[in-house]
Amino acid sequence: MQLRHLAAPELEDHPAYDRHQEVVRVEDTATGLCAFIAIHDTSLGAALGGCRVWRYADEAEALTDALRLSRGMTYKNALAGLDLGGGKAVIALGPETSPAPALFRKFGEAVEALGGRYITAEDVGTSPADMQAVAEATTHVRGTPGSRVEDPSPFTALGVFHGILAAAEHRFGARDLAGLTASVQGLGHVGWRVAEMLSRAGAELLVSDIDRARLDKAVSAWDAAAVAPQEAHRARADIFVPCALGAGLNATTIPQIRAAIVAGAANNQLAGPQDASRLAERGILYAPDYAINAGGVIAIALAGKRGSAQAVTEKVEAIGATLAAIFARAAEEGATTAAIADRLAEERLATARRRSQAA
Ligand code: NAI
């Protein structure tokens with residue numbers, strides 16, 4: 001296995017480069033492993049972020065993903081109040097490569113070689129079984145089979161629910177969801193559970209999913225009304241809850257939204273930074289995606305620590321308080337909620353950096 005540190009000059013011109021602390025390229029010809037591990041920032045602690053497996057068009061695209069996603073994890077972990085930095089690994093599969101256990105073991109060796117500065121976990125394209133293979137070579141891995149957070153989605157859903165309560169309180173003056181209508185788009189691991197909690201809290205549900213069987217099941221489970229997937233954002237609802245794929249909020253969809261709140265689990269909901277302003281201009285309260293969907297990473301980060309069950313629940317529920325603070329400050333400063341979320345994360349990072357310089 002070859003592990004090569006990318007030097008700063010090689011990275012500096014890259015559009016996704018943001019003073020990343022350490023970026024390595026990993027290659028192993030026997031298993032076909034080709035990976036990038038990007039450690040963006042460790043001011044708050046070791047860099048935690050999942051390992052994504054994808055068939056990229058080329059290596060440049062894989063590097064871009066690693067740089068972009070690792071920076072995102074720094075902000076997510078900082079805002080979630082975790083003492084962890086941000087990192088990410090991407091494994092670029094070649095046309096002939098299969099993601100076999102031997103490949104993940106080699107990847108684990110690379111993680112081990114980074115001495116705990118990067119902690120890996122499951123992400124798009126990886127499973128707990130893959131993490132088990134990684135764990136044969138390193139202890140710096142989370143989410144192996146049998147570990148308490150093999151499936152982080154219930155925690156993500158709990159955080160989203162508390163985020164919705166905070167948004168309802170800010171926008172409608174009460175945390176009571178009875179009588180409100182929520183349009184839940186995507187009824188998978190997270191969306192299903194969020195819908196269940198919303199229904200239990202008295203909300204009327206509009207549900208949509210491209211999976212017909214899942215949709216039918218949801219309609220009968222909560223006496224919900226089915227909506228076509230492409231109509232979910234413009235359904236007559238008070239709250240739009242995107243829990244499918246990203247980039248759903250853009251110049252076309254935002255003018256069509258009828259809801260007063262957008263608060264859901266989907267990653268990368270905004271197609272571009274200007275979409276946060278588009279939502280604000282329409283008076284739509286947006287819960288920044290990486291703030292509201294941090295429940296899973298919180299559970300992964302705290303798993304295994306003493307008294308963790310209680311601590312995890314409390315910290316996941318605190319997503320509601322974080323969002324309440326974001327909404328209040330955005331209103332006060334006339335800024336978008338997305339900008340305030342970034343600023344809060346940056347403030348926490350700046351404090352950590354000042355402390356470590358003083359020490
Ligand atoms: P999932 O794959 O279990 O569920 C996604 C659901 O959306 C599926 O039921 C799928 O049929 C449906 N879907 C896909 N395209 C759709 C469309 N156009 N309209 C309506 N439904 C559609 O995924 P999961 O784990 O529930 O995640 C949902 C979102 O939350 C994703 O964006 C994910 O990145 C994000 N997220 C998930 C976390 C987790 O803990 N699982 C953590 C943080 C973010």
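Predicted model: local features only at pLDDT ≥ 70, side-chain atom pairs only at ≥ 80, totals over all residues.
Start at the ligand. The shell around the ligand holds 20 residues, and T156, H189, D209, R214 and A244 come nearest. By class, the shell residues divide into nine nonpolar, nine polar and two charged. Polar atoms of the protein face oxygen atoms of the ligand at several points. A polar side-chain atom of H189 lies 2.6 Å from a ligand oxygen. In the side chain of T156, an N or O atom is 2.7 Å from an oxygen of the ligand. G188 uses its backbone instead: a polar backbone atom there is 3.5 Å from a ligand oxygen. Taken alone, the ligand exposes 830 Å², and the protein buries 74% of that. Two elements give two or more residues to the shell: helix 5 (153–172) and helix 6 (189–200).

Now turn to strand 11, residues 239–242. I239 and V241 point one way, F240 and P242 the other. All four are buried. Strand 11 has a parallel partner in strand 8 (residues 181–185), joined to it by four bridges. Here S183 has F240 as its bridge partner. Strand 11 also pairs with strand 12 (residues 261–262), again in the parallel sense, over two bridges.

Next come the charges. The model has 21 salt bridges. One of them joins D83 and R348, with the closest N and O atoms 2.9 Å apart. D83 sits in the loop between helix 2 (59–79) and strand 6 (85–92), and R348 sits in helix 13 (residues 337–358), so this pair ties together parts 265 residues apart in sequence. D83 counts as exposed because its relative accessibility is 56%. R348, at 23%, counts as partly exposed.

K88 and D123 form another salt bridge, 3.0 Å from N to O. K88 lies in strand 6, and D123 lies in the loop between strand 7 (118–119) and helix 4 (128–135), 35 residues apart. Both residues are buried.

E333 is in helix 12 (residues 319–333) and R343 is in helix 13, 10 residues apart. E333 is partly exposed, with a relative accessible area of 39%. R343 is also partly exposed, at 31% relative accessibility.

Key: Residues numbered from 1 in each chain as written. Heavy atoms only, no water. Near = heavy atom within 4 Å. Polar contact = N/O pair within 3.5 Å; in protein donor to acceptor, adjacent residues only side chain to side chain. Areas by Shrake-Rupley, 256 points an atom, 1.4 Å probe, with all protein chains shown as cover. Nonpolar A, V, L, I, M, F, W, Y, C, P; charged D, E, K, R; others polar. Buried < 20%, exposed > 50% of the residue type's maximum accessible area, 1.4 Å probe, protein only. Pairing = 2+ DSSP bridges. Salt bridge = Lys/Arg side-chain N within 4 Å of Asp/Glu carboxyl O.
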